[in-house]
Amino acid sequence: MSEPPGATVTLAPTSPADEPSKVLTAQRVLPLRRPGRWIATAVVLVLVAQFVHGLVTNPFYQWDRWGYWFLRPTILDGLVITLEVTAYSAVLGLLGGILLALARLSRSPVLRAVSWTYIWALRSVPLIVVLLFLYNFSALYKTLSVGIPFGPAFFSFDESRLATDMVVAVVGLSLNEAAYAAEVVRGGILSVDQGQHEAAAALGLPKSYQFRRIVFPQALRSIIPNYVNQLIGLIKGTSLVFYVSLLDLFGSAQTMGSTYPGDIVPLLLVVTVWYLILTSVVSVIQFYVERHYARGATRSLPPTPLQKLRTALTELRARIRREAAV
Amino acid sequence: MTTDTIEALADVEAATVEVHDVHKWYGTHRVLDGVDLTVRPGEVTVILGPSGSGKSTLLRVINHLEKPEIGYVSINGELIGVRRQGERLKELSERAILTQRSRIGFVFQNFNLFPHLTVLDNVAAAPVATGRLGRTEAQELARELLGRVGLADKTGAYPRQLSGGQQQRVAIARALALRPGVILFDEPTSALDPELVGEVLAVIKDLATSGTTLVIVTHEIGFAREIADRVVFIDGGRIVEQGPPSEVLDNPRHERTRDFLSKVL
């Protein structure tokens, strides 16, 4: 490289002001101050305080009435219905979803097409429409029979006796849930590395073992967060069963609300708090289930909240001791 | 080389592998173009060739991970993946193919260990799943095999907690757990850091001297010279030449072999 004219070969002597006054001894680095962050925090805290203040002091919420309703037997009965419908639909929906996902990944074009069509149809039709269809199902098909297809029946059921409100609700939600779960499961299976399938095949592991013990447990890692998302949607989705005359949590509140019109807001708050509790419980379970299936995927397991708290306390104590020493 | 390795592997009968006029296409691309190969029991065969020459495909045809369009493979005289019906070959059921595969060891370039299972379970899984051993016996065997590949202290670890070289040694132990008559290695050291190659090659060398039939696709020419009974050079889906390392590696007769060796040596 040629030197530009006038450039000096030796560095110009630095002025005494730039030079460190003495040799830098090892000392603590002061962290950078971030005023913007402090201002944003303050603004958000004020807004939160305002919101909480309004929630507590606004007489419109009628918290005393909330206290009256929160553990009323009608509400609790509704809660039980919600839990039942959710549990049945979650299990049946997931099983259906696994079957649909396997059908979509199968080598048979017929199975693939049927599965695709099912998912397409059920995801297109609003859940409420599916439920109302099933509710009126007995008008479409009077009896259900088991027998040879298009041939004689061995035994039949009276449709209206079989289809209680509970059954209609669970079947409707499960049909809907299965369509979404199928995509969640399929995505999970596709996320497993092709090498895993090959290794399992090369070892000659039986086909069902390959799926149950090798592919599915690894797929679960991506299935769980997505399915829990789905499950939370389902918990809230159960509020639609009110329209097929099943009194779930929302339905009970709604009914009480029409009897006591003045209590509609506290009743809605009761429902809100219960749904918050249900979602929280599911989230906690999710954390531990995910942690269980993370074995082997990460070098060390993510810490539990308790472990995190303990580490934080230890660190805080160490820091205080350090500061005190300086 | 420990003496008990020889003893333990001695009860496994080394297999003969025969590849008969195998042709394989991927779409319109011809990968294998009439390959004939016979590997005698206990023989160590190293397959060399430029990338895309079909060497990995040949290996995968042997355990029927890839189906040949024409031709067939037999091990100890038993057809792999197909059965004879009169003059024709018919595909076997998936279950039958899986059973055949469980007698052929396969070691992958990327190890393909099961990440959600411990090292011990990785090795013990196949003997249990194929119904050959009970859980306790399989774990005992797994411990023994892991000891032989120098990983006795890693039984409880998960694969991702191990180095590449250690993972590949686990993969070899996993293949050995099925007591295969032949083990196929698909570039077993290509995914490893240079300083980890040696430990894996040492394990393979150990197997080579124990009398198991080995077919190895590799780019380690020095290793091939050291352990191979026969070197097969393949290019464009055809075997160009084959013979003892002293011939193929030191005095290649074909221009393409010379060309390839000059590039990799």
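Helices (H or I, at least four residues) and strands (E, at least two) are DSSP runs, numbered from the N terminus. Among the buried residues of α4(B) are Asp121(B), Asn122(B) and Pro127(B). The cover over them includes α10 of chain A, together with α5 (135-148) and α6 (164-176) of chain B. Just after α4(B), Gly131(B) takes a positive phi of about 75 degrees.

Residues are numbered from 1 along each chain as its sequence is written, while chains are lettered from A and ligands numbered from 1 in the order in which they are written. Because the model is predicted, local features need pLDDT of at least 70 and side-chain atom pairs count only at pLDDT 80 or more, whereas totals for chains, interfaces and linings use all residues.

Chain B as a whole has 10 helices and 12 strands, and buried residues make up 49% of its 265 residues. Its radius of gyration, taken over C-alpha atoms, is 18 Å, which agrees with the value near 18 Å for a compact globule of 265 residues, the globule rule being 2.2 Å times the number of residues to the power 0.38. Of the contacts in chain B with a separation of 6 or more, 66% join residues 24 or more positions apart, two residues being in contact if their C-beta atoms lie within 7 Å.

Among the strands of chain B, β6 (residues 82-85) and β7 (residues 88-91) pair in the antiparallel sense over 4 bridges, where pairing requires that DSSP find at least two bridges. Arg84(B) stands opposite Leu89(B) in β7(B), and in this hairpin, with 2 residues between the strands, Gly86(B) takes a positive phi near 65 degrees.

The contact between the chains takes 19 residues from chain A and 23 residues from chain B. On the side of chain A, the elements giving two or more residues are α9 (194-202) and α10 (207-237), and α9(A) gives the most, with 6 residues. The predictor gives the complex an ipTM of 0.90 and a pTM of 0.80.

Chain B averages a pLDDT, the predictor's confidence in each residue from 0 to 100, of 92, and 96% of the residues score at least 70.

Note on methods. A residue is buried if 20 or more other C-beta atoms lie within 10 Å of its own, exposed if 12 or fewer, and partly exposed in between; C-beta atoms are placed from the backbone.
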